[in-house]
Amino acid sequence: MMDNRAWTTRLQNSIRDLVPEWDHSLVYNVLHGAKKLEHALQFFRWTERSGLIRHDRDTHMKMIKMLGEVSKLNHARCILLDMPEKGVPWDEDMFVVLIESYGKAGIVQESVKIFQKMKDLGVERTIKSYNSLFKVILRRGRYMMAKRYFNKMVSEGVEPTRHTYNLMLWGFFLSLRLETALRFFEDMKTRGISPDDATFNTMINGFCRFKKMDEAEKLFVEMKGNKIGPSVVSYTTMIKGYLAVDRVDDGLRIFEEMRSSGIEPNATTYSTLLPGLCDAGKMVEAKNILKNMMAKHIAPKDNSIFLKLLVSQSKAGDMAAATEVLKAMATLNVPAEAGHYGVLIENQCKASAYNRAIKLLDTLIEKEIILRHQDTLEMEPSAYNPIIEYLCNNGQTAKAEVLFRQLMKRGVQDQDALNNLIRGHAKEGNPDSSYEILKIMSRRGVPRESNAYELLIKSYMSKGEPGDAKTALDSMVEDGHVPDSSLFRSVIESLFEDGRVQTASRVMMIMIDKNVGIEDNMDLIAKILEALLMRGHVEEALGRIDLLNQNGHTADLDSLLSVLSEKGKTIAALKLLDFGLERDLSLEFSSYDKVLDALLGAGKTLNAYSVLCKIMEKGSSTDWKSSDELIKSLNQEGNTKQADVLSRMIKKGQGIKKQNNVSL
């Protein structure tokens, strides 16, 4: 009822109706089984205020412990100090609980105050409460305070026990007070208190912390001569100490001695020894110890040891032993994470054992190990990039993409890997897949490499898809890459041959604007310009010619005018000639004549008249043989004014010519 309902008057009444008779055992069991501490405290207070029961020593103790465990220490303190008013006497154990609870909460000063209050309240302080105080203050490094209270304890006639000395030694070593610890160790023996296994282990561990292994060994030998004898803790501590000072061989000696003495290593022993062997490069020994662990089904407490073993065995070049580490993890029910597989894959690639690396990769992908969100050891770029590059270079880009899509779900967006995927798909003739990767990179802001674009464009062209090649080239330029001359030419030619002249023209415009390979591709440029003019895209052609001029290059207008005139494209020829005259571009007289002939032949006399006037106004004389025919046609068409103007201009031009000849 208390677990499932709020603490209300209604619940209290329900409890009254449920319980016909109250006793301390019932109250104790309700407190013990309560899932909500607040309910337990309210129940404790309500039963007494309601006169249902007067709490005894056990129910008080239970409530104080429960509050202490969750650091509700003010409540616990009040309940403890109110006990005499209820006629329940104190005892030392209750104060010990409160001292230790304040200590666990890190409030050392309150622990000390409670200890001092015991004396004021007349509660006897035995070695039990002193030991609790020592443990609290030494855990916080208050070794000077501990010494003062130790002396006070002795002066009060409270004799220290073996446990007291063990606590003091542990605390002094924790505070790195070696000399103080040694004095207390001697004092302990002077008092006739013989060390036990905890004492020896504490002293040995202390010497190991100070890297005084010779002193630790002496105590260890003394312990072996004692009836107690070293335990697995003693041996493990010695191994740890020797490894800490790089005396790995001594650590192995202790390990072998331990086994020959019939003491079985535990998980802590193995967890201590294996990293040291790896650091020392003793991989054969590490391999043998791992086999022992597998045989006894003992897993280390720290799973990072497996990663260290994998790295070390791989570094030593023993890939078979490294692979055995993965098998050992399976045997010991330790889940292999993506990072473990990554180490093996990386080093198999370094050894050019790509088939083995791919087998490992297949397992990694099939089991979706990368996607396990509870794992923390992720696959590093140094592992996935080499295998992705290999797969992309060897016709297995699809598999590489499956791997990388799993990595992307974990937030990976590696530039090298993605560019390799683009290259791989392109080389395998799957440009659409390449372009899909390209779009992913664009969305995520991952830089695209020029070489990847080039392969993608070439792949599209090899499949006869110049339009898609042009789209990819546009993306390449937008990304700040400049295609080389041959790539431009390939795309332009492919588009042109596909009949997509204007699209080819737009690519040509980019090439001209970037000033790439213009001189090498003037023949292609001329073909595009001619096609544009022939199809009536005159303004576009003129724009391209103007862009060429701006970049210091000149189109062969004479050739274009000749073709247009011959093919009867008089309007295009007229506009091109106007363009040349307006910009004072160099043109041959024969080009003028061809255009004029074409215009006259097409009956476009006014257009011919206009062009001829412009030519003469520019100061260019022309011996166009058909000028008289033009004048005649103008008169016949009723354009007598234009005919008269043209006649006078021609005569004037001839007069100037005669004067120039006389001068000569």
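Modeller: E617 counts as exposed because its relative accessibility is 62%, where exposed means over 50% relative accessible area, buried under 20% and partly exposed in between, with a 1.4 Å probe and protein chains only. This is a predicted model, in which local features need pLDDT of at least 70 and side-chain atom pairs count only at pLDDT 80 or more, while totals for chains, interfaces and linings use all residues. Residues are numbered from 1 along each chain as its sequence is written, and side-chain values use heavy atoms, with hydrogens and water left out.

E617 belongs to helix 35, which covers residues 605-617; helices here are DSSP runs of H or I with at least four residues, strands are runs of E with at least two, and both are numbered from the N terminus.

The C-alpha atoms of V284 and Q313 are 9.1 Å apart, and the two residues are 29 positions apart along the sequence. Helix 17 (residues 283-296) and helix 18 (residues 304-315) have axes that come within 11 Å and cross at roughly 140 degrees, the axes being lines fitted to C-alpha atoms over the stretch in contact, with angles from 0 to 180 degrees between N-to-C directions. Helix 17 and helix 18 are therefore oblique to each other, since angles under 35 degrees count as roughly parallel, over 145 as roughly antiparallel, 65 to 115 as roughly perpendicular and the rest as oblique. The crossing of helix 17 and helix 18 is left-handed, a term used when the near helix is turned anticlockwise from the far one by less than a right angle, with clockwise giving right-handed. On the helix 17 side the contact is made by M283, A286, K287 and L290, and on the helix 18 side by F306, L309, S312 and Q313, where contact means heavy atoms within 4.5 Å. Sorted by class, the residues of this contact are five nonpolar, two polar and one charged; Ala, Val, Leu, Ile, Met, Phe, Trp, Tyr, Cys and Pro count as nonpolar, Asp, Glu, Lys and Arg as charged, and the others, Gly among them, as polar.

Another packed pair is formed by helix 22 (residues 381-393) and helix 23 (residues 397-409), whose axes lie 7 Å apart at an angle of about 150 degrees. This angle makes helix 22 roughly antiparallel to helix 23, and the crossing of the two is left-handed. Helix 22 contributes Y384, I387, I388, L391 and C392, which meet T397, K399, A400, L403, F404 and L407 of helix 23. In this contact nine residues are nonpolar, one is polar and one is charged.

C392 also bears on the cysteines. Its sulfur is the closest cysteine sulfur to that of C349, but the separation is 12 Å, which is too far for a bond. With a disulfide taken as a pair of cysteine sulfur atoms within 2.5 Å, the count comes to zero disulfides. C349 is buried, at 5% relative accessibility, and C208 is buried too, at 9%.

S352, in the loop between helix 20 (338-350) and helix 21 (354-366), has a positive phi near 60 degrees although it is not a glycine, and S352 is exposed, with 53% relative accessible area. N515, in the loop between helix 29 (501-513) and helix 30 (522-534), is likewise a non-glycine with a positive phi, of about 55 degrees, and N515 is partly exposed at 43%.

Buried residues remain. T236, in helix 14 (residues 232-244), is buried at 8% relative accessible area, and apart from residues up to four places away in sequence T236 touches N266, T268, T269 and T272. L564, in helix 32 (residues 557-566), is buried at 2% relative accessibility. Setting aside neighbours within four places in sequence, L564 is in contact with L533, M534, K569, A572, A573 and L576. From L564 to G229, 335 residues apart along the chain, the C-alpha separation is 111 Å.
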